[in-house]
Amino acid sequence: MKEQIQNRVHNQFASDNYAGICPEAWQAMQAANVGFVSSYGDDIWTERACQELREVFETDCQVFFVFNGTAANSLALASLCRSYHSVICHELAHVETDECGAPEFFSNGTKLLHVNGPGGKFDLDEVERVITRRSDIHYPRPKVLSLTQATEVGTLYTPDEIKIASVLARKHGLRVHMDGARFANAVVSLDVSPADITWRAGVDVLCLGGAKNGMAVGEAVVFFDRELANEFDYRCKQAGQLASKMRFISAPWIGMLEGGTWLKNARHANNCAELLAQHLTAIDGVSVMYPRQANSVFVEMPERTATALRGAGWHFYSFIGSGGARFMCSWQTSESDVIQLAEAVRLASSAIG
Ligand SMILES: *Cc1c(COP(=O)(O)O)cnc(C)c1O
């Protein structure tokens, strides 16, 4: 017990996956812990979780539950591609920078082609250039456009931007994949229905994040085009992503979706980030790098300030995006955590004059 307490990380804004399990997810997992139940997803909790997602998305989508986002993204992309195809994504995309080549691995060689664009969002002219610059047999044929919502630097694609991107993709015969590790944060920030920024805007498959939103483990792969989900269950099994005690992965989704806990958690995290951005903006020598739209705040500050802040015991990343410090809020972040961090940044920057 003592070790557990000492093992806790304080003063942390490193990631939303440092947070624990929210009460609603925890209770739903406990509620599923009764007696013997069929394995591998053939159970009432998994059925209900799928049904909840169909209601949330207002469509008869096909749903699969996997352990993490890397698996969700790479298996979803693999199901859209053949080995000689390519996926177009932003240069900062998680699939490109943080999945250790899993999308390429699970698709047996599909190549990721990255484009840039300001604020973590791809520039559509660039996307079109990459799609059309070659059509010969020597070029990996573009097959999927992958976008991240919210992006890796905490910005958002508007419903119109997603629609326009999808129209462009369709025009060239590409499918549209969305990495939604922080999809809930996007939904509440844009104040839209989940359908409006997915299938109604042309998205074929969404990888919906659970862990960063407050669950222990688990992401949902949501196929809006059921044809694309053909044999996806085999892919999950082969990749070691089919949970035998599936109810403990699926039941927490019921706890998250029923009563809107997933949105409540996301709204709280976003609000904490907004409060933090306001406080940090007021500090001399510190500037917020991107529009604060989801649950992160990226700041530019002198290296000495960052070092002083780390020295004072604060945890944050500085390797995500294009430099700068990333402060990430979660369902568990409190207002007082935010105020204390802002105060620490103020101290760290004034101490060095
Ligand atoms: C965290 C994250 C994922 C999933 O990462 P895992 O560690 O594999 O669960 C996917 N995409 C983005 C943008 C993320 O931030």
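Me: Which helix gives the largest share of the shell around the ligand?
Reply: This is a predicted model, in which local features need pLDDT of at least 70, side-chain atom pairs count only at pLDDT 80 or more, and totals for chains, interfaces and linings use all residues. Residues are numbered from 1 along each chain as its sequence is written, and side-chain values use heavy atoms, with hydrogens and water left out. Helices are DSSP runs (H or I, at least four residues), as strands are (E, at least two), numbered from the N terminus. Three residues of the shell, the largest share, come from residues 69-80, helix H4.

Me: How far is the polar side-chain atom of Asp 179 from a nitrogen atom of the ligand?
Reply: Asp 179 is among the residues around the ligand, each with a heavy atom within 4 Å of it. Arg 182 is another, with a side-chain N or O atom 3.1 Å from a ligand oxygen atom. For Asp 179, the distance to a ligand nitrogen atom is 2.6 Å.

Me: Is Ser 86 buried or exposed?
Reply: Buried means under 20% relative accessible area, exposed over 50%, and partly exposed in between (1.4 Å probe, protein chains only). Ser 86 lies in strand S2, residues 85-90. Its relative accessible area is 0%, so Ser 86 is buried.

Me: How many of the eight residues of helix H9 are buried?
Reply: Helix H9 spans residues 183-190 and is mostly covered. Its buried residues include Phe 183 and Val 188. Asp 191 follows H9, with a positive phi near 55°. The number of buried residues in H9 is six.

Notes: Polar contact = N/O pair within 3.5 Å; in protein donor to acceptor, adjacent residues only side chain to side chain.
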